[in-house]
Amino acid sequence: MVKIDIISGFLGAGKTTLIAKLLKEKLQDEKVILIENEFGEIGIDSGFLKSTGIEIREMNSGCICCSLVGDFGAALQEVIEKYSPDRVIIEPSGVGKLSDVIKAVQNAEKEIKQDVKINCAAAVVDVMKCKIHLKNFGEFYTDQIESAGTIILSRTDLPKADKAKVDEAVALIREHNPNVTIVTTPIEELGAGKLIKVMEEGGEDLAKQMMEEMEHGHHEHHHEHDEHCCCGHDHEHHHHEHDEHCGCGHDHEHHHHEHDEHCCCGHDHDHHHEHDGHCGCGHDHHHHHADEVFTSWGHETARKYPLGEIKNIVETLSSSDEYGMILRAKGIVALEDGSWEYFDMVPGEAEVRPGEAEFTGRICVIGTELNEGKLAELFNI
């Protein structure tokens, strides 16, 4: 039996950190293959996981469902035949829809020869950004919450993540998935074995729920039939009702957002919206393709940066809006002294740390309305 673990999470939620913990603390004795799908053409996270010794198959050309539908069965069959793994971990793009990744795996199960099963379907949710992401990225964000058997709250160890903040996030999650298992204890305090047990039990509950929904002919937490792949395409030209929400997740009965909250298209919606399928920015949000909402800018570079420059660049990205609405920036670059640095940034948080040498430097920025010229100038590429 080959176990399939799907671990999702919005951009910067911490799913790669979770996977690294599971691999280092619990799964060393298992043969594990990671199928990783990053948004954009420049893969970064595989470098972070390199030290675990895991075998990684990257899919960086488009959203995971478009890559997997139709050929995932063949790809999974190839992986199983080549490596004979005990476990396959699928890490979807942060803007992918978990429900459609689950469907892609279920379809693949029918095609491959070996005995495989979905072992767990988990989502990592940043406790500090749950509220604003639910408001601004509903189309992509709520699907991950609604489709997960287990939700792991990340950054609950931060001083600002007090009981009120955690309780608020839990209540918001329960509105979309009342019976989901929610991990609120910081993952640093939990053993990987405990985390896997909780995720697997949540996976069992999810499997039972999906079977019951199929028997009753309806889907409470998933799109009906195959109207949409995870990228937001409407492949059968059906139309969902959008009573009060545009595709970015905004409630347009309320005409004012909380401070610093933006629609996923990068525009500030403090003004009034129309109710004909368009938000005030003029974009039609009914049927979003991830590539229509989010953009990525990535480069490979042999440039060697002076010590401290990457820290300054990341701080500039975090504090300025002249480069676009930055949702995530990450990379691996060489320094002039021969060492290497990894950097990772989400709004309000940034980390720069020493890392192992890579075959070349790589930089990736994800967001909306990115100013590529300014970014190239900032990184001196």
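Reader: What makes helix H1 (residues 15-25) "mostly covered"?
Author: In H1, 8 of the 11 residues are buried, where buried means under 20% relative accessible area, exposed over 50%, and partly exposed in between, with a 1.4 Å probe and protein chains only. Among these buried residues are Leu-18, Ile-19, Leu-22 and Leu-23, and Lys-15 and Lys-21 are on the list too. The helix itself is a DSSP run of H or I with at least four residues; a strand is a run of E with at least two, and both are numbered from the N terminus.

Reader: What kind of model is this, and how are its residues and side chains treated?
Author: It is a predicted model, in which local features need pLDDT of at least 70 and side-chain atom pairs count only at pLDDT 80 or more, while totals for chains, interfaces and linings use all residues. Residues are numbered from 1 along each chain as its sequence is written, and side-chain values use heavy atoms, with hydrogens and water left out.

Reader: Why is Thr-301 called buried?
Author: Its relative accessible area is 9%, and the cut-off is under 20%, so Thr-301 counts as buried. Thr-301 belongs to strand E8 (residues 295-301).

Reader: Which residues does Thr-301 touch, leaving out those up to four places away in sequence?
Author: They are Thr-360, Gly-361, Ile-363 and Ile-381, a contact being heavy atoms within 4.5 Å. The C-alpha atoms of Thr-301 and Arg-362 are 6.0 Å apart, although 61 residues separate the two along the chain.

Reader: How do you know that the length of helix H8 (residues 163-176) is close to the expected one?
Author: From first C-alpha to last, H8 reaches 20 Å with its 14 residues, against an expected 20 Å. The expected span is 1.5 Å times one less than the number of residues.

Reader: Why are the buried residues of H8 said to line one face?
Author: Val-166, Ala-169, Val-170, Leu-172 and Ile-173 are buried in H8. Seen down the helix axis, the buried residues fall within an arc of 165°, so they line one face; the arc is that of the directions from the axis to the C-beta atoms. On the other side, Lys-163, Ala-164 and Glu-175 are exposed.

Reader: What do the buried residues of H8 pack against?
Author: Their partners are strands E5 (116-126), E6 (150-154) and E7 (181-183), together with helices H6 (130-136) and H7 (138-147).

Reader: How much of the protein chain is buried?
Author: Buried residues are 54% of its 381 residues.
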